[in-house]
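Colleague: I'm new to this one and would like a walk through it. Could you show it to me before we start?

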Amino acid sequence: MLLLLILAAVLAVLPVVVARSRPVQLMRADLTEVLAACRARYEAARTAADTVEADAWQPPLQGVRRPHDPTCGPYRRRNMLAGARR
């Protein structure tokens, strides 16, 4: 019984520990940077053609374009660009 209680406590705390880890924080910062670049690109779009161009644009991460990173289109289709703006 005590073992189950300890296991439940560890499982309850584990997501908090993982969410605060450095790799997860770096990943969140990178995603925030990419989403901000995509938001700016869509906000500057004035026509449907501009939006199509923004869909196909691959935002750089820390100034570098990596070959397998997604373009802005999938972020828009998943409604990830509507989040809080900083």
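Colleague: Which residues make up the largest nonpolar core?

Modeller: Keeping in mind that this is a predicted model, the largest nonpolar core has 10 residues in all, namely Val-34, Leu-35, Cys-38, Tyr-42, Ala-54, Trp-57, Leu-61, Cys-72, Tyr-75 and Leu-81. At least two residues of this core are supplied by each of α2 (22-44) and α4 (72-77), and the largest share, four residues, comes from α2.

Colleague: Okay, what span does α2 reach?

Modeller: From its first C-alpha to its last, α2 reaches 33 Å with its 23 residues, which is close to the 33 Å expected at 1.5 Å a residue.

Colleague: And which residues of α2 are buried, and what do they pack against?

Modeller: The buried residues of α2 are Val-24, Val-34, Leu-35, Cys-38, Arg-39 and Tyr-42, and the buried residues of this helix pack against α1 (2-19), α3 (48-56) and α4.

Colleague: Take Tyr-42, then. What is Tyr-42 in contact with, leaving aside its neighbours within four places in sequence?

Modeller: With those neighbours left aside, Tyr-42 is in contact with Thr-51, Ala-54, Asp-55, Cys-72, Gly-73, Arg-76 and Leu-81.

Colleague: Changing topic: how many disulfides does a search of the whole structure find?

Modeller: A search of the whole structure finds one disulfide, and it joins Cys-38 to Cys-72, with an S to S distance of 2.1 Å. The pair links distant parts of the chain, since Cys-38 sits in helix α2 and Cys-72 in helix α4, 34 residues apart.

Colleague: Is that disulfide left-handed or right-handed, and why?

Modeller: The disulfide is left-handed, because the torsion about the S-S bond of Cys-38 and Cys-72 is about -85°.

Colleague: Are those two cysteines buried or exposed?

Modeller: Cys-38 counts as buried because its relative accessibility is 0%, and Cys-72 also counts as buried, at 0% relative accessibility.

Colleague: One more place I'd like to ask about: where is Pro-59?

Modeller: Pro-59 lies in the loop between α3 and α4, and Pro-59 is buried, because its relative accessible area is 3%, where the cut-off for buried is under 20%.

Colleague: So what is Pro-59 in contact with, beyond its neighbours within four places in sequence?

Modeller: Beyond those neighbours, Pro-59 is in contact with Val-34, Ala-37, Cys-38, Pro-70, Thr-71 and Cys-72, and this list includes Cys-38 and Cys-72, the two residues that the disulfide joins.

Colleague: And how many Å apart in space are Pro-59 and Ala-8?

Modeller: Pro-59 and Ala-8 are 42 Å apart in space, C-alpha to C-alpha, and 51 residues apart in sequence.

Definitions and conventions:
Residues are numbered from 1 along each chain as its sequence is written. This is a predicted model: local features need pLDDT of at least 70, side-chain atom pairs count only at pLDDT 80 or more; totals for chains, interfaces and linings use all residues. Side-chain values use heavy atoms; hydrogens and water are left out. A nonpolar core is a set of buried Ala, Val, Leu, Ile, Met, Phe, Trp, Tyr and Cys residues joined through side-chain atoms within 4.5 Å. Buried means under 20% relative accessible area, exposed over 50%, partly exposed in between (1.4 Å probe, protein chains only). Contact means heavy atoms within 4.5 Å. The expected span of a helix is 1.5 Å times one less than its number of residues. A disulfide is a pair of cysteine sulfur atoms within 2.5 Å.
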